[in-house]
Amino acid sequence: LQWWAKSAKQDNPDAIGNMAMCYQLGRGTEKDSAMAMKLYEVAIKKGSTGIIPQHETIVRNTKSVFSSLLLRDCYMKGIGVKKDSKQAANYQQIAAEGGHVDSQFTIGLNCLNKNEAEKAAAWFKKAADQGHIGATYYYGYLLLNGMGIAQNKTKAIQYLHKAAKKGFPTADYQLGIAYKDGNGVEKDNKKAFDYFKKAAYHGNADAKWHLGNM
């Protein structure tokens, strides 16, 4: 790692790529996937042509989440390859299937935006099970409204409470609506007021409107 670092300072792209490998695998240093990703991208930009084919092979053989995310970024940003949104989406799908929580959430959002609520619910559930706050909120929201999944208001409120406790303001707002209307919970204006207040303090305009009315 020390010798490769000396070579990297002289702009040797292969040395930078080898340093990335050290950070990825924890060889000669502690593992640091963020640093590894950054160094791989620098190496590719500087002309290390073997990195992309190497990681494509790794993904084919092992479905590596790290390699999938590296290739996703390369195709998304046009690093060492032409920009290709379909290829980027393909590698993100592989990472999500491998358990990468942010990819699961992103795919869930994409599905929701394409009106594919059933697929969105499945991906949000996977990410929520790993503790992703946004996914926890969206899965609760879909449950509450029966979008892409059988409506279950009691369970929905539980997910919204989890998201609210972790600091997701939109969950506070939805809980305010639920308590105001008695939707999935017993109607309680005091609790509605409190949840609207929390959401309003975090900038939720709709919560401010309801708070003003109350």
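This is a predicted model: local features need pLDDT of at least 70, side-chain atom pairs count only at pLDDT 80 or more; totals for chains, interfaces and linings use all residues.
## Helices α4 and α5

Start with helix α4, residues 51–62, and helix α5, residues 65–77. Their axes lie 9 Å apart. The packing angle is about 135°. That makes α4 oblique to α5, because an angle must be over 145 degrees to count as roughly antiparallel. The crossing of α4 and α5 is left-handed.

Which residues of α4 and α5 meet? On the α4 side they are I51, I52, H55, E56, I58 and V59. On the α5 side they are F66, S67, S68, L70, L71, C74 and Y75. By class, this contact between α4 and α5 has 9 nonpolar residues, 3 polar ones and 1 charged one.

## Two loop residues with positive phi

Now look at the loop between α4 and α5, where K63 sits. K63 is not a glycine, yet its phi is positive, near 60°.

N115 belongs to another loop, the one between α7 and α8. Helix α8 spans 117–129. The phi of N115 is positive too, at about 60°, and N115 is not a glycine either.

## The largest pocket

How big is the largest pocket? Its volume is about 230 Å³. The lining consists of R72, M76, S85, A88, A89, Q92, Q93, I107, N110, C111, K114 and W123.

Three helices each supply at least two residues of this lining: α5, α6 and α7. Helix α6 spans 85–97, and helix α7 spans 101–113. Which helix gives the most to the lining? It is α6, with 5 residues. Sorted by class, the lining of the largest pocket holds 6 nonpolar, 4 polar and 2 charged residues.

## Helices α9 and α10

Helix α9 covers residues 133–145, and helix α10 covers residues 153–165. Their axes come within 8 Å and cross at roughly 155°. Why is this pair called roughly antiparallel? The angle makes α9 roughly antiparallel to α10, because angles over 145 degrees count that way. The crossing of α9 and α10 is left-handed.

From α9, the contact uses I133, T136, Y137, Y139, G140, Y141, L143 and L144. From α10, it uses K153, K155, A156, I157, Y159, L160, K162 and A163. The residues of this contact between α9 and α10 divide into 11 nonpolar, 2 polar and 3 charged. Among the α10 residues in the contact are the lysines K153, K155 and K162.

## Helices α12 and α13

The last pair is helix α12, residues 189–201, and helix α13, residues 205–213. Their axes are 8 Å apart, and the packing angle is about 140°. Are α12 and α13 oblique or roughly antiparallel? That angle makes α12 oblique to α13, because roughly antiparallel needs an angle over 145 degrees. The crossing of α12 past α13 is left-handed.

In α12, the residues that meet α13 are F193, F196, K197, A199 and A200. Their partners in α13 are A207, K208, H210 and L211. This contact of α12 with α13 counts 6 nonpolar residues, 1 polar and 2 charged.

Key: Residues are numbered from 1 along each chain as its sequence is written. Side-chain values use heavy atoms; hydrogens and water are left out. Axes are lines fitted to C-alpha atoms, for helices over the stretch in contact, and angles run from 0 to 180 degrees between N-to-C directions. Helices (H or I, at least four residues) and strands (E, at least two) are DSSP runs, numbered from the N terminus. Angles under 35 degrees count as roughly parallel, over 145 as roughly antiparallel, 65 to 115 as roughly perpendicular and the rest as oblique. A crossing is left-handed if the near helix is turned anticlockwise from the far one by less than a right angle, and right-handed if clockwise. Contact means heavy atoms within 4.5 Å. Ala, Val, Leu, Ile, Met, Phe, Trp, Tyr, Cys and Pro count as nonpolar, Asp, Glu, Lys and Arg as charged, and the others, Gly among them, as polar. On a 1 Å grid over the protein atoms alone, a cavity is a set of points where a 1.4 Å probe fits but cannot get out, and a pocket is an open set with protein on both sides within 12 Å along at least five of seven lines; lining residues have an atom within 4 Å of a point. Grid points are joined across faces, edges and corners, and a volume is the space filled by probe spheres set on the points.
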